[in-house]
Amino acid sequence: MAMSSALPTSRAPARWQDFLQLLKPRVMSLVVFTAITGMVCADSPINPILGAIAIFCIAVGAGASAALNMWFDADIDAKMRRTRGRPVPAGRVQGADALALGVVLSMFSVMLLGMTVNWLAAALLAFTIVFYAVVYTMWLKRSTPQNIVIGGLAGALPPVIGWAAATGTVPLNAWLLCAIIFMWTPPHFWALSLYTSEDYEKAGVPMMPVVAGAASTRKQILIYSLLFTPLCLVPAFTGLGGLTYLAVAAGGGVIFLILAWRVFKSRAGDAADPRQDDGLYDVKAAAKDARNLFAFSILYLTLLFATLLAEHLLDLPAFGGF
């Protein structure tokens, strides 16, 4: 277990900005975006107030998970350049305060969602919080190189929760949205880990490049990309996506595969090629292909969900739905 008491103590009262940072607002924004997409794609009218409450609860639940993650991971965060400035390892927030915030927000978000919207959505939110904070953070992350693969389920569930909030059901198309994010996660994070592997090795986190080596990781990125990109086309044939979505998914998928192939053929992640500084996008020549895939993967997923959202808001005709 993370021993927050061994970390530096704060010399001044924590600012509200520090507590906000505990909630990982950038990650929260992606969660909110995919949850809204799931809610809109359900094509089921929902009271605007209840819809807003549902999205608020999902956002708070995501923030609660992040706070619990930062509490438990404070020891390894302190050893990594990318995370050592976070509030707990930097000593701006006490570990006990981060834990309390995470627990309180978890219970608040689940109970509010259940009492105001429906208990299926609340149960899915509770499962997501527990899966991320306990199964991924406390177990998988420190024990297996498959941590990102299995743990990716937590990040893939928000659209299902949004769909459940709107309809009280979770049909195949809701799980299809989940599957897309789930399969996107390994190539996305392993591309990042190829040029941050020194950090993970220093912190003792068994990320794939640390355990299996860079060459194996590059191969697995390509394999997952070959599985992920065809999956992105499926919504166009289930009635979830339309012709515009099909064009975006196909065109972006081709670019994704080209970038994944370049990573496979590159030397990204090989020894003696550290980042130039602490920035996610500042890398040396050998790692640029991994950096490019990491960056494009974010854009591609955003475009997929934005297109689905636009099509359902505009009620564009679907392509061969069944």
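Visitor: Among contacts in the protein between residues at least 6 apart in sequence, what percentage join residues at least 24 apart?

Guide: The model is a predicted one. The share of such contacts that join residues at least 24 apart is 76%. A contact here requires heavy atoms within 4.5 Å.

Visitor: How many helices and how many strands are there in the protein?

Guide: The protein has 14 helices and zero strands. Of its 322 residues, 52% count as buried. The protein exposes about 13900 Å², of which carbon and sulfur atoms supply 69%.

Visitor: Where is the kink in helix α6 centred?

Guide: The kink in α6, which covers residues 119–143, is centred on Tyr 136 and amounts to about 50 degrees. That angle is taken between axes fitted to the seven residues ending at a residue and the seven starting there. Tyr 136 is also one of the buried residues of α6, which include Leu 124, Leu 125, Ile 129, Phe 131 and Leu 140.

Visitor: Which helices do the buried residues of α6 pack against?

Guide: They pack against α3 (48–72), α4 (74–77), α5 (95–116), α7 (147–156) and α8 (158–167).

Visitor: Which side chain has an oxygen that reaches a backbone nitrogen at the start of α6?

Guide: The side chain is that of Asn 118, a residue in the loop between α5 and α6. A side-chain oxygen of Asn 118 comes to within 3.2 Å of the backbone nitrogen of Leu 120. The backbone nitrogen of Ala 121 lies 2.8 Å from a polar atom of the Asn 118 side chain. The limit for a polar contact is 3.5 Å.

Visitor: Why is Asn 118 called buried?

Guide: Its relative accessible area is 16%. The term applies under 20%, so Asn 118 qualifies. Leaving aside neighbours within four places in sequence, Asn 118 is in contact with Leu 113, Ala 164, Ala 165 and Gly 168.

Visitor: Where are Lys 24 and Asp 43 placed?

Guide: Lys 24 is in the loop between α1 (16–22) and α2 (25–41). Asp 43 is found in the loop between α2 and α3.

Visitor: Is Lys 24 buried or exposed, and is Asp 43 buried or exposed?

Guide: Lys 24 has 15% relative accessibility, under the 20% limit, so it counts as buried. Asp 43 has a relative accessible area of 53%, over the 50% limit, so it is exposed.

Visitor: How many disulfides does a search of the whole structure find?

Guide: The search finds zero disulfides. The criterion is a pair of cysteine sulfur atoms within 2.5 Å. Cys 41 counts as buried at 3% relative accessibility, and Cys 232 counts as buried at 0%.

Visitor: How many aromatic pairs does the structure hold?

Guide: The structure holds eleven aromatic pairs. One of them joins Trp 261 and Phe 264, whose ring centres are 5.5 Å apart.

Visitor: Why is the pair of Trp 261 and Phe 264 called tilted?

Guide: The ring planes stand at 45 degrees. Stacked would require under 30 degrees and edge-to-face over 60, so the pair is tilted.

Visitor: What separates Trp 261 and Phe 264 within helix α13?

Guide: Trp 261 and Phe 264 are three residues apart in α13 (residues 243–265), and so about one helical turn separates them. An α-helix has 3.6 residues a turn, so residues three or four places apart point the same way. Trp 261 counts as partly exposed at 46% relative accessibility, and Phe 264 is partly exposed at 30%.

Visitor: Which residues do ring pairs link into a cluster?

Guide: The cluster consists of Phe 228, Phe 256, Phe 296 and Tyr 300.

Visitor: What makes Ile 298 partly exposed?

Guide: Ile 298 has a relative accessible area of 33%, which lies between the limits of 20% and 50%, so it is partly exposed. This residue lies in helix α14 (residues 288–314). The C-alpha atoms of Ile 298 and Thr 185 are separated by 10.0 Å, although the two residues are 113 apart along the chain.

Definitions and conventions
Residues are numbered from 1 along each chain as its sequence is written. This is a predicted model: local features need pLDDT of at least 70, side-chain atom pairs count only at pLDDT 80 or more; totals for chains, interfaces and linings use all residues. Side-chain values use heavy atoms; hydrogens and water are left out. Helices (H or I, at least four residues) and strands (E, at least two) are DSSP runs, numbered from the N terminus. Buried means under 20% relative accessible area, exposed over 50%, partly exposed in between (1.4 Å probe, protein chains only). A polar contact is a pair of N or O atoms within 3.5 Å; within protein, one must be able to donate a hydrogen and the other to accept it, and residues adjacent in sequence count only if both atoms are side-chain atoms. Rings of Phe, Tyr and Trp (its six-membered ring) pair if their centres lie within 6.5 Å; planes under 30 degrees apart count as stacked, over 60 as edge-to-face and the rest as tilted. Accessible areas come from the Shrake-Rupley method with a 1.4 Å probe; for residues, only the protein chains shown count as cover.
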